Amino acid sequence: MAELEEAGERASTQSARVQNLVYTLPYTTESIAEFLTPALSRVDPAAGGTQVLVVTRDAETALTISETVLRLSGPAGIEVVPITTAARAARIFKTRPVLAVAGTATELAALVRGSILKTDAVRSIAFAWIDDILEEGAATVSALEALLAELGEAGRVIVARKTNPKVEDFVERYARRARRVGAPETEAPQVPADYEMPLIRHVTVARSARASALRKLLDDLDPPSAVIIARDEVSAGEATQTLRTLGYHQDDKTINVTRGELGSTTTHTVIFYQPPVTPAELQRIAAVKPVQVVALAAPGEVPWLRELASGRLTPLNLHGPERRARDRDEAVREELRAVLAQGVPPREVISLEPLLREFDATELAAAALRLLERERAQRRAAEANPAPPAKPRESFGERGRDERPHGDGPRGDRPGGDRPREDRPRGDRPRDDRPRDGRPRGDRPDRGKFSDRGGPPRGRSDGPRRGGSDRPGRGGPPRRDRDRS
């Protein structure tokens with residue numbers, strides 16, 4: 001803690017002379033305290049408003065900064081609110097004043113556009129780490145430029161692991177004549193002449209899941225001796241608790257946790273609880289001459305670790321997922337053995353025989369296995385998302401009387417009572433005295449009379465019909481249904 005306070009006082013003295021600062025620092029807890037303590041020390045709670053902005057690469061870095069500041073300053077100190085999402089942060093802004101925030105450029109720009117984050121009170125804006133932020137793509141850079149356009153004359157604090165042309169261009173555009181603090185460590189680690197540094201293997205984990213990853217790693221590797229290197233006190237406590245959970249005692253000589261002091265005792269495995277950030281850390285492990293070196297690294301930490309290791313980096317897959325994949329393959333092979341033991345029918349052999357002229361038998365089996373896996377995947381998808389059953393179509397007789405499609409009410413309210421239509425006599429059906437054309441029946445012309453054209457109506461016959469019947473012919477008196485037409 002004394003070293004952190006001393007670093008903060010030194011940086012505060014330097015920032016008092018100049019407004020813009022450029023730090024070249026590794027990604028560590030000590031680095032966060034060094035560049036952020038001076039900016040937080042100038043916050044005036046009585047003035048109100050958000051006075052410090054910290055732009056990060058991702059939400060995980062914002063959470064790390066918030067946790068670090070809370071651990072160093074305590075509950076009574078200045079709080080840095082992590083902006084993981086703009087919607088959630090907007091609720092916090094409405095409930096209480098927020099003096100300092102940390103988040104990505106996209107989320108901070110969204111708060112500014114929504115007039116939730118006021119930029120007139122901002123005194124300092126820090127970029128942690130600018131070389132990582134610029135690698136996020138054009139959308140992030142555009143949001144960053146829009147955010148800087150709203151901040152005006154706020155002081156810039158730029159932090160980078162290592163300077164490069166992109167970083168220098170950003171400093172020239174937004175922090176001209178800035179004072180530079182810290183010296184980059186770009187030298188390759190020096191190792192003894194009689195020892196070759198082993199290839200560093202890394203396990204990609206989330207920052208919050210390092211403890212569980214360490215447990216799985218120790219189960220998979222089962223090293224005869226190991227040293228776990230933790231960078232800060234909190235990480236050392238997490239690693240120590242994991243060892244206690246696995247049954248190791250604090251005085252165990254075969255495996256222990258250290259803050260970086262390795263000594264001269266030879267060990268089999270070196271595990272970085274957080275990835276190394278300086279060549280000096282790799283140089284120190286060369287003194288114990290480990291057989292293997294493993295680092296637990298978050299996805300955003302892998303590029304810098306690869307550059308630090310000069311490309312000698314390879315991923316390490318834990319045996320849990322790999323073992324499950326092997327078990328599935330072995331189950332498929334057992335099914336094939338069972339089919340072969342029962343004997344393959346000749347029909348399948350004859351159908352595949354022409355393909356043997358073009359492909360190898362192993363290739364044919366692999367193609368058939370792929371078809372089998374595709375069919376099983378489709379079956380699992382169908383079982384997971386079953387189609388809704390088709391609704392049976394009701395017949396007219398199965399519907400209730402109140403649910404019939406025609407009529408204004410139940411059968412009992414209609415003329416004819418509750419008797420079904422087919423059982424009612426024809427005389428019970430109601431008659432309509434008005435034809436379909438709307439004219440009363442008496443106003444319609446009589447089709448049985450002679451028309452003005454002369455002669456009887458068409459179809460009228462005065463004599464008896466063929467066969468001796470006295471019934472009128474086809475042109476007889478109009479029927480009732482014709483009157484309705």
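On one side of helix α4, Ala87, Arg91, Lys94 and Thr95 are exposed. The model described here is predicted. Helix α4 spans residues 86-95, and its buried residues are Ala86, Ala89, Ala90, Ile92 and Phe93. Viewed down the helix axis, these buried residues fall within an arc of 165°, so they line one face of α4. The cover over the buried residues of α4 includes the strands β3 (80-83) and β4 (100-104) together with helix α5 (105-113).

Two cavities of 30 Å³ or more are present in the structure. The largest cavity has a volume of about 80 Å³. Its lining consists of Tyr27, Arg57, Asp58, Thr61, Ala128, Trp129, Asp132, Arg161, Arg207, Gly300 and Glu301. By class, the lining of the largest cavity comprises six charged, three nonpolar and two polar residues. The second largest cavity holds about 60 Å³ of space and is lined by Tyr27, Arg161, Arg231, Pro275, Pro276, Val277, Glu301, Trp304 and Leu305. The lining of this second largest cavity contains six nonpolar and three charged residues, but no polar ones.

Two or more residues of its lining are given by each of α13 (319-342), α14 (346-352) and α15 (361-384), and the largest share, 10 residues, comes from α15. In total, 24 residues line the second largest pocket, with Leu336, Leu352, Leu364, Ala365 and Ala368 lying nearest its centre. The lining of this pocket divides into 19 nonpolar, three charged and two polar residues.

Terms used. Residues numbered from 1 in each chain as written. Predicted model: local features only at pLDDT ≥ 70, side-chain atom pairs only at ≥ 80, totals over all residues. Heavy atoms only, no water. 1 Å grid on protein atoms, 1.4 Å probe; cavity = no way out; pocket = protein on both sides within 12 Å on 5 of 7 lines; lining within 4 Å. Helix = DSSP H or I, 4+ residues; strand = E, 2+ residues; numbered from the N terminus. Nonpolar A, V, L, I, M, F, W, Y, C, P; charged D, E, K, R; others polar. Buried < 20%, exposed > 50% of the residue type's maximum accessible area, 1.4 Å probe, protein only. Arc of directions from axis to C-beta. Contact = heavy atoms within 4.5 Å. Points joined across faces, edges and corners; volume = space filled by probe spheres on them.
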